[in-house]
Amino acid sequence: MRPLTPRRVALICAALGGVLFIAVVISLRMGAYPISIPEIVMTLVNRFIGRRNEIPPDFWNVVYEIRLPRIALGILVGAALSTAGAGFQALLRNPLADPYVLGVSSGAALGAIISLAVAPQTPGLIQIAAFAGAAGTIAAVYFLGRRGGQVDSATLLLAGIVAVSFLSAVIMFLMTTLPGHEFRGMAFWLMGDLATQPAISSRWLYLLLIIGVGSIYTTSSDLNLILTGEQEARHLGVNVNRVKLVVYVAASLLTGLAVSVSGAIGYVGLLVPHLMRMMFGSDYRLLIPASALGGAILIVVADLLARVVVAPTELPVGAMTALVGAPVFIYLMRRSVR
Amino acid sequence: MTTAETTTAARPLANARSVAPRLKVEQATYTHAADRSAPQFTLGPVTFEAQQHELVAVLGPNASGKSTLLTLLAGLNKPFSGRIEIDGTEVGQLDLRLRAQRIAFVQQESELLFPLRVWEYVLQGRYPHGRRLRFESEQDCLLAGNALAQVGADAFRERRMDQLSGGEKQRVILARALAQQPSLLLLDEPTQHLDIGGKVELLRRLRRLAENNRYTVLVVTHELDLAAEFCDRVVLLHKGKCLRVGAPAEVYDRALLEEVFEAPLEVEMRANGRPRVILHER
């Protein structure tokens, strides 16, 4: 009997943080301007210890103006999507739940596009609209996915698929008919990429990320019990409705946050929590922080590959995650149907 | 139809240890309908008491209100009228966690989404005793270990829940309830998926748990003979009415049981003062 300790959580998170740091450094190296890994580390360390004037201007520009913002965006999106995925999996008691597969990302994208059409200059509105789109979609999919008062796994996934194709059609319709260029490309909203920086300061986005991940983390002991059965969790004193509400709002917020800055990147919320479960077990007290870090690593690496494999052009990062995610989804589905 | 009759023939041992009853159900009623088109089902009024160290059986045919009564006792539903008290406090007044510290409810377990190890499952029973977001302490592990030992599940504490047989799983679920350190242990048809050996073993274990610890154990079951053999008190329900409460010998009346269970039965009193029910096809 070795129950999970805070020490083990801290150790694993530190290890994942180390992997993330390595991925960030490698990703910083890749690009047209040549810069070596020791130079990158020097650039990062010098800023960290406050010796900014010792950094050559070229290095400053390449690292802090061009490459790091994109990587930081990737970290934000990856952490948000995989935590949202882990949250939806517990909320819907379905191991295949994922913001993209359930149509939540498409709903968020639709919300974002509508806000851009209505009031493109209002800061923060796009995040709010994406959140509303996400929350509305998951509610609709949840009610469509119920059969005889019970959430049925297959029906839920079908409802998600229908939501994705319907919302994608609406997005395409809007983008073809609405004039304006603030909309970015159709590929951005339907596949997702990290090439454009958001208008809003990343400080706010990170604050929302911490609030979202933190609120789900506070329910992690409850989620462990809910996963063994809602009724049983009630008998053990869990306020199931309160927990579900917190996770529902927080996971929708995280999805809306990610989609508002990167479009609908798929399968991250499915891949990462599953990988983390295989490596560290299914205890949510560890799974939530591990998924957040693992999601950040996955997106940083996927974006790196998206930029490298077809250089000098690049793939949308969503294409990379879907290339890996879709087969894994099929594998998991066949295993759970068995 | 016989009117509700209450007998408080508790064992002298239990009386000596505590005067106030552990569980007190006073004229409790409840009404519900499965869905809008279904006819309303009314339970009660039900009145009985149970002491510490007692094993109580709730008996009755299908749809007699056994499980409904259990949800009232567990505090999952509030009675329409009447009172249900545990150690002098009304169950409905207790907040969720406090209730889970006093009452453990063992149902047929639901399917696990991600397979847990036996010890992880049993440790969940410690949840109501800490903060909401918590890590288990040494003390929690010790109590979970004791609970596993009490049900004889020590040997497979490292196994996964989905690798257990029906009887083993039943014991582990019971261990989780014991890890809650409740005063009242409620079990909803725990014998359902067990073979006869497993049923006897379970009832014997519940009997021992009630005798050796401070528990009051209440079990819903269809097993008339096992209830007669092991229980101190039985509550007989029929179509929502509480027909009789008392020691098995007082409740097991041939005419009454025949009417309730709609089967030709014979009741035979054994030398140890406990009745036995025999199916008697004419």
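**Note on a predicted two-chain model**

1. Start where the chains meet. In this predicted model, 28 residues of chain B are in contact with 24 residues of chain A. Three helices of chain B each supply at least two residues of the side that touches chain A: α3 (96-102), α4 (118-123) and α5 (138-150). Of the elements of chain B, α3(B) gives the most to that side, with four residues.

2. Next, the make-up of that side. How many nonpolar, polar and charged residues does the side of chain B that touches chain A have? By class, there are 17 nonpolar, four polar and seven charged residues.

3. Now chain A itself. Its secondary structure comprises 14 helices and two strands. The radius of gyration of chain A is 20 Å, close to the 20 Å that the globule rule gives for 338 residues, so chain A is as compact as a globular protein of that length. Along the principal axes, its C-alpha atoms fill a box of roughly 65 × 60 × 35 Å.

4. Burial and contacts in chain A come next. Of its 338 residues, 49% count as buried. Take the contacts in chain A between residues at least 6 apart in sequence: 75% of these join residues at least 24 apart.

5. Then the core. The largest nonpolar core has 183 residues. Which residues have the most contacts inside this core? From chain A they are A:A80 and A:V300. From chain B they are B:V122, B:A175, B:L186, B:V217 and B:V235. The core draws at least three residues from each of two domains of chain B: domain 1 (1-87 + 184-282) and domain 2 (111-182). As a general point, nonpolar side chains in soluble globular proteins tend to be buried together.

6. A:V300 deserves a look of its own.

Terms used:
Residues are numbered from 1 along each chain as its sequence is written. Chains are lettered from A and ligands numbered from 1 in the order in which they are written. This is a predicted model: local features need pLDDT of at least 70, side-chain atom pairs count only at pLDDT 80 or more; totals for chains, interfaces and linings use all residues. The radius of gyration is taken over C-alpha atoms; the globule rule is 2.2 Å times the number of residues to the power 0.38. A residue is buried if 20 or more other C-beta atoms lie within 10 Å of its own, exposed if 12 or fewer, and partly exposed in between; C-beta atoms are placed from the backbone. Two residues are in contact if their C-beta atoms, placed from the backbone, lie within 7 Å. A nonpolar core is a set of buried Ala, Val, Leu, Ile, Met, Phe, Trp, Tyr and Cys residues joined through C-beta atoms within 7 Å. Domain bounds come from an automatic or database domain assignment. Ala, Val, Leu, Ile, Met, Phe, Trp, Tyr, Cys and Pro count as nonpolar, Asp, Glu, Lys and Arg as charged, and the others, Gly among them, as polar.
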